[in-house]
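Here is a short briefing on one protein model. Look over the sequence and the fold before reading on.

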Amino acid sequence: MPFRSHMTDALGEARAAAARGEVPVGAVIVSASGEVLARGGNRTRALNDPTAHAEILAIRAACARLGSERLADCDLYVTLEPCAMCAAAIAAARLRRVFYGAADPKSGGVAQGARVFDRAQSHHRPEVYAGIAETESEALLRDFFAARRRLSPDAAAADD
């Protein structure tokens, strides 16, 4: 089966998150056969839940759909480099591959900061592909935070 990127779907989830006033991060989990199993966009504010990141929501939904805590034959597409919390969840779920858009020098947990998959304590290391739709992913984030700074300097500072 030829490779098909699902980053367009993840970008759609990120745009929907932004429209809800959430940080625009979107994620999609796809089976080895190419079926989209789950989608998620950040919902930390809507759910009053600091763990409601796009990746976590998509992982929960895919696991529920498959009736398993493991997603070994699945791939994750996400618009922003996963943070350390999400990277740990990715490892726990045993996702096969992670494709992400924008790097996150401040809070990333894959190529930046904690580098979760490089730790001996990580039970699984997925294949990681960075920079997929990077320009679009960065633009969504940049525009979202620029608009928040224009509307309310205090609100933007709380997001940093």
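In what order do the 5 strands of the open sheet lie? The order is β2-β1-β3-β4-β5, with mixed pairing. This is a predicted model, where local features need pLDDT of at least 70, side-chain atom pairs count only at pLDDT 80 or more, and totals for chains, interfaces and linings use all residues. Residues are numbered from 1 along each chain as its sequence is written, and side-chain values use heavy atoms, with hydrogens and water left out.

**The sheet**
- The edge strands, β2 (36-41) and β5 (127-130), each pair on one side only.
- Strands are DSSP runs of E, at least two residues, and helices are runs of H or I, at least four, numbered from the N terminus.
- Two strands pair if DSSP finds at least two bridges between them.
- Strand β4 (residues 97-102) runs parallel to β5, and 4 bridges join them.
- R97 has E127 in β5 as its bridge partner.

**Helices across the sheet**
- Helix α1 (residues 7-19) lies across β1 (26-31), β2, β3 (74-80) and β4, at about 45 degrees to β3.
- Helix α5 (residues 134-151) lies across β3 and β4, at about 55 degrees to β4.
- Axes are lines fitted to C-alpha atoms, for helices over the stretch in contact (heavy atoms within 4.5 Å). Angles run from 0 to 180 degrees between N-to-C directions.

**Helix α3**
- Buried residues (under 20% relative accessible area, 1.4 Å probe, protein chains only) of α3 include I56, L57 and C63.
- The buried residues of α3 pack against β1, β2, α2 (44-47), β3 and α4 (84-93).
- Just after α3, G67 takes a positive phi of about 65 degrees.

Methods:
Buried < 20%, exposed > 50% of the residue type's maximum accessible area, 1.4 Å probe, protein only.
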